[in-house]
Each structure stands twice: as C-alpha cells, then as structure tokens.
Amino acid sequence: MKACSSHALAPTGRPLCKMRRISPGGAADNDDQAAVIAAGDESRNIGKHHLLCRRCRFPVTNESWAIQINQAHQHTFANPHGIVFDIRCFSLAPGCGSVSRPSLEFSWFSGFSWQISACRRCQMHLGWRFAQAESFHFFGLIADHLISSSKTHESTRQTP
Ligand SMILES: [Zn+2]
C-alpha cells in the first residue's frame, strides 16, 4: 500500500498502512463538501483572523473556528518517530482535504477516528481530521504549518 511511506504522519503509535476499512455509510465526504460550500461565503470576508497554508497561502481556516478539545485549544504530541506536533483544534477547516481513509487506530484523542488532512491547493500536510462516530468532528492542525493572514501583511511590509 502506498500509504506506508507516510508512517510519520500518523497521529498514533501504529503504522499508517494498517488502516482499517471504512465503515458502511461513510458520510464524511459529504460532510466535508458541505463545509466547503458553507465556508465559501466566509472566505469572501477574509480578515486578519484567517489562517493560511504556510507554503502556498491558501486560506485554510479561521481563528473564529478555534475550539477547545479536552479543555484546551492547543495540544502538543510526539509520535513514535520522535516528531513533535503542536496542534490547534478547529471546528472547520475548509482549506483542508482528507487524503487518507479514516482510521480507528488512534492514541491522541480517545474515541475519535482520524484522517490525514492536506492543503487543498498544494497538498502540504496540515494536520488531521478527527471524527467521533458521525456526530462530531474537528480538525487538529499543525500550528507551524499555518500562518496568520495578518502576519503575511507584516512580512510583506518588512521585506526590503
Ligand atoms: Zn498550501
């Protein structure tokens, strides 16, 4: 399986290639689609609170969609490969696309399945989509891979 090359991206102690089959009824994709449509209108009002893909500056999410999971917005995890991730939790991330099937082999957020999420424009790995059954999901995005839209303005001004 091709996914084996992405072991380091799994938010879990198990290899990514052990992904399990999607359970019947997979409504997750429709869900994402709805979020994209809903956020399409939002993105017309891009303000300084928008968070962009660090690599290509594609709008990924917004500060107003920040949520707390387990009483915290930001979490720090290390995976078995020794890679440390600072992740921030958002209820929506329309700029993210899921690039793996849901896996229940999970260790960071108990009871949630996860999928790898990448930038819809440049495919850079941005984080994971975590889902609890079909009732609730959120995005855990790597803080370092996002850049605030206000910061991009500052850095433009400071460029010699
Ligand atoms: Zn990107």
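**Strands, pairings and a buried alanine**

Me: How many helices and strands are there in the chain?
Reply: This is a predicted model. From the N terminus on, its elements run α-β-β-β-β-β-β-β-β-β-α. The chain therefore has, by the DSSP runs that define these elements, 2 helices and 9 strands.

Me: What percentage of the residues of the chain count as buried?
Reply: A residue is buried if 20 or more other C-beta atoms lie within 10 Å of its own. Of the 160 residues of the chain, the part that counts as buried is 30%.

Me: Which strands are the edge strands of the open sheet of 3 strands?
Reply: The order in this open sheet is S2-S1-S9, and the pairing is antiparallel. An edge strand pairs on one side only, which is the case for strand S2 (59-62) and strand S9 (146-148). Neighbouring strands of the sheet are turned by 35° against each other on average, direction ignored. The edge strands are thus S2 and S9.

Me: Which residue in S9 is the bridge partner of Cys53?
Reply: Strand S1 covers residues 50-53 and pairs with S9 in the antiparallel sense over 3 bridges. The bridge partner of Cys53 in S9 is Leu146.

Me: How many residues of strand S6 are buried?
Reply: Strand S6 spans residues 113-119 and is mostly covered. S6 is joined to strand S5 (residues 96-98) by 3 bridges, the two running antiparallel, and Cys96 has Cys119 as its bridge partner in S6. The number of buried residues in S6 is 7 of 7.

Me: Which residue in S7 is the bridge partner of Trp114?
Reply: S6 also pairs with strand S7 (residues 125-132), in the antiparallel sense and over 6 bridges. Trp114 has as its bridge partner in S7 Phe130.

Me: Which residue in the hairpin of S6 and S7 takes a positive phi?
Reply: This hairpin has 5 residues between the strands. The phi in question is near 70°, and the residue that takes it is Gln123.

Me: Is Ala10 buried or exposed?
Reply: Ala10 is found in the segment before helix H1 (28-42). The cut-off for a buried residue is 20 or more other C-beta atoms within 10 Å. Because Ala10 has 26 C-beta neighbours inside 10 Å, Ala10 counts as buried.

Me: What is the C-alpha to C-alpha distance of Ala10 and Trp128?
Reply: In sequence, Ala10 and Trp128 are 118 residues apart. In space, their C-alpha to C-alpha distance is 8.8 Å.

Definitions and conventions:
Residues are numbered from 1 along each chain as its sequence is written. This is a predicted model: local features need pLDDT of at least 70, side-chain atom pairs count only at pLDDT 80 or more; totals for chains, interfaces and linings use all residues. Helices (H or I, at least four residues) and strands (E, at least two) are DSSP runs, numbered from the N terminus. A residue is buried if 20 or more other C-beta atoms lie within 10 Å of its own, exposed if 12 or fewer, and partly exposed in between; C-beta atoms are placed from the backbone. Two strands pair if DSSP finds at least two bridges between them. Axes are lines fitted to C-alpha atoms, for helices over the stretch in contact, and angles run from 0 to 180 degrees between N-to-C directions.
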